[in-house]
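I am opening my notebook to record what I looked up in this structure, one entry at a time. I will begin with the two chains and then turn to the ligand.

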Amino acid sequence: MINITNLTRYFGTLAAVNAVSFSVGKGEVFGLLGPNGAGKTTTIRMLTTLLKPSEGTALVAGYDVTTDPLEVRRAIGVVPQMLNLDIDLTCAENLEYHGRLHKMEPGDREARIEELLRFVGLWDKKDTPVEHLSGGMRRRLLIARGLMHRPQVVFMDEPTVGLDPQARRLIWGFLESLKRKGITILLTTHYIEEADALCDRVAILQTGRIIALDSPTVLKAGVGKYSIECLGRHDIPRKFFPTREEAIDASREVCEDIVVRESTLEDVFINLTGERIDT
Amino acid sequence: MNFYPIIWKELKLIRKKPWRFLASSLVMPLLYLVTFGWGLGRGMNVGGGTYLEFVLPGILALSAMNNSFGPVSTSLNISKLYTKTIEEVLVSPVSPWDIALGRTLSGLGRGLFSALMLVLVALATGVHLHYSVLFFVVLALTSFCFGAMGVAAAMLAHSHEDMANFNSFFIIPMSFLAGTFFSPDRLPQPFQSMIMVYPLTHASIVLRSLAAGNGPAMGSVLILAAYAAMFFYLAGRLVKKTA
Ligand SMILES: Nc1ncnc2c1ncn2[C@@H]1O[C@H](COP(=O)(O)OP(=O)(O)O)[C@@H](O)[C@H]1O
Ligand SMILES: [Mg+2]
């Protein structure tokens with residue numbers, strides 16, 4: 001569904017996205033994980049025809065984003081990082097506007113508005129102007145809007161950014177049910193657990209480049225499935241072990257208050273870059 | 001062709017705040033009318049009639065311009081720079097030309113509406129002009145022209161300051177000079193030619209001629225139409241470039 005080769009975008013001399021290549025298959029949930037400024041939004045903006053690539057090619061649903069932007073737009077749903085709803089319009093009106101932009105038939109539009117507002121739990125708010133909604137509700141409406149015209153591929157840029165854990169779980173639930181429906185999703189995030197919990201495959205991005213790409217399980221196995229941590233001490237070099245037993249054995253030599261835990265994508269990132277993601 | 005959703009949204013928003021819309025369409029032209037028409041002009045005579053009869057077509061052209069250019073450029077500028085709502089349209093299959101057309105037509109509607117309201121006010125207070133279908137067609141063309149200019153200006157502006165500068169250095173001087181309050185042929189030569197460059201001058205000339213019961217001043221009609229076509233082309237190209 002998505003096929004990009006050597007995709008590059010310069011802002012002046014800065015290569016915000018630098019020779020990125022990957023493919024996303026039908027029904028796959030693909031994650032771009034990386035710290036702020038890694039180039040996630042820039043990548044999504046190129047794939048959704050908002051920004052022209054400086055170099056490289058990108059095919060979405062079989063169409064080239066540079067030469068066939070209108071066909072690409074017909075096929076995609078976009079959930080941007082910035083909440084760009086019309087705050088003077090109600091929830092239902094925001095969706096109706098979107099349906100009209102996509103030339104949906106009136107009857108279909110009505111049915112879909114109800115279906116989606118129920119799906120994201122905003123049906124009782126259908127006539128409420130967006131300016132009276134909380135941040136979490138706005139995010140949910142933004143997701144509903146991106147799905148309104150039944151796109152084959154959905155792009156979500158940091159769909160849970162700034163939300164409290166409960167609101168985040170709720171959105172994860174939506175994404176899981178979309179996944180079960182076989183919708184192709186490309187999402188970006190700088191939350192490790194999000195990439196781990198939702199994505200079939202993850203590309204780890206740093207300063208515009210992909211530094212690792214695989215399923216979360218394989219990526220974590222790559223560093224060693226288990227890791228040890230000493231409570232209250234941060235001066236111990238990170239070490240990874242393929243099995244829990246080896247981790248426990250090794251820990252005896254280091255300190256007493258030890259925890260053995262499973263590795264995370266954060267460990268993968270630190271292992272590759274020497275830095276944490278959440279900075 | 002799928003420009004209607006853009007107009008649909010405008011209408012929705014206007015329907016939610018009709019009084020604000022009405023007030024913003026009418027305050028400026030009414031102020032001009034009171035100041036330059038009744039305040040200054042009751043006793044003065046220009047050509048055959050009163051100054052009020054002379055100035056009203058100019059104020060109508062001005063009103064059409066302000067209410068198309070102003071709201072169109074402001075709302076598009078905010079949508080592009082701050083709320084980013086334009087990006088929803090830019091990732092939908094609505095073509096750049098439809099976006100430009102939808103925005104321009106909403107300017108046409110606003111400009112024409114404010115002029116019509118002003119005509120009603122003038123009629124109610126006993127100022128009579130020769131109104132013909134052509135007179136309103138020219139008002140519509142004027143509104144279209146400046147609506148398209150509003151789209152182009154907003155797409156060119158990189159900041160709110162750019163927009164404010166365009167207003168201060170282009171729109172405001174044009175409002176005062178372009179044959180709105182006086183006839184351009186009263187000015188000495190180099191200024192007269194400069195003023196003839198303004199599209200608004202030609203709108204005033206045509207409307208004034210029609211209002212006096214004369215022909216439509218074809219030269220100025222053609223120039224105004226040429227400006228309208230040029231601004232619309234520019235608007236479409238600029239939207240296309242950002243998408
Ligand atoms: N319009 C722009 N002009 C100049 N630099 C930009 C622009 N957009 C993004 N950048 C830069 O490109 C890099 C990647 O940004 P972005 O794609 O937004 O990262 P992310 O979404 O991963 O946080 C950053 O260094 C950012 O400052
Ligand atoms: Mg981003």
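How much area do chain A and chain B bury between them, and what percentage of it is on carbon and sulfur atoms? I found that chain A and chain B bury about 2,500 Å² between them, with 57% of it on carbon and sulfur atoms. Buried area here is the accessible area, taken with a 1.4 Å probe, that two parts lose on being put together, summed over both. In chain A, the residues that lose the most area to chain B are A:Arg73, A:Tyr97 and A:Leu101, which together make up 25% of what that side buries.

Before going further I noted that this is a predicted model, in which local features need pLDDT of at least 70 and side-chain atom pairs count only at pLDDT 80 or more, while totals for chains, interfaces and linings use all residues. Residues are numbered from 1 along each chain as its sequence is written, chains are lettered from A and ligands numbered from 1 in the order in which they are written, and side-chain values use heavy atoms, with hydrogens and water left out.

Next I looked up contacts, meaning heavy atoms within 4.5 Å, and found 26 residues of chain A in contact with 27 residues of chain B. I then looked for salt bridges, each a side-chain nitrogen of Lys or Arg within 4 Å of a carboxyl oxygen of Asp or Glu, and the count between chain A and chain B is six. One of them joins the side chains of A:Glu93 and B:Lys12, at 3.6 Å from N to O. On the side of chain A that touches chain B, helix H2 (69–75) and helix H3 (91–101) of chain A each give two or more residues, and the largest share, six residues, comes from H3(A). I took helices (H or I, at least four residues) and strands (E, at least two) as DSSP runs, numbered from the N terminus.

My last entry concerns ligand 1, whose surroundings include A:Phe11, A:Leu14, A:Pro35 and A:Gly39. Strand S2 (14–24) and helix H1 (40–47) of chain A each supply at least two residues of this shell, and the largest share, three residues, comes from H1(A). Oxygen atoms of ligand 1 lie 3.2 Å from a backbone N or O atom of A:Ala38, 2.8 Å from a backbone N or O atom of A:Lys40, and 2.5 Å from an N or O atom in the side chain of A:Thr42. The protein covers 58% of the 570 Å² of accessible area (Shrake-Rupley method, 1.4 Å probe) that ligand 1 has on its own.

Notes:
A residue is near a molecule or strand if one of its heavy atoms lies within 4 Å of it. A polar contact is a pair of N or O atoms within 3.5 Å; within protein, one must be able to donate a hydrogen and the other to accept it, and residues adjacent in sequence count only if both atoms are side-chain atoms.
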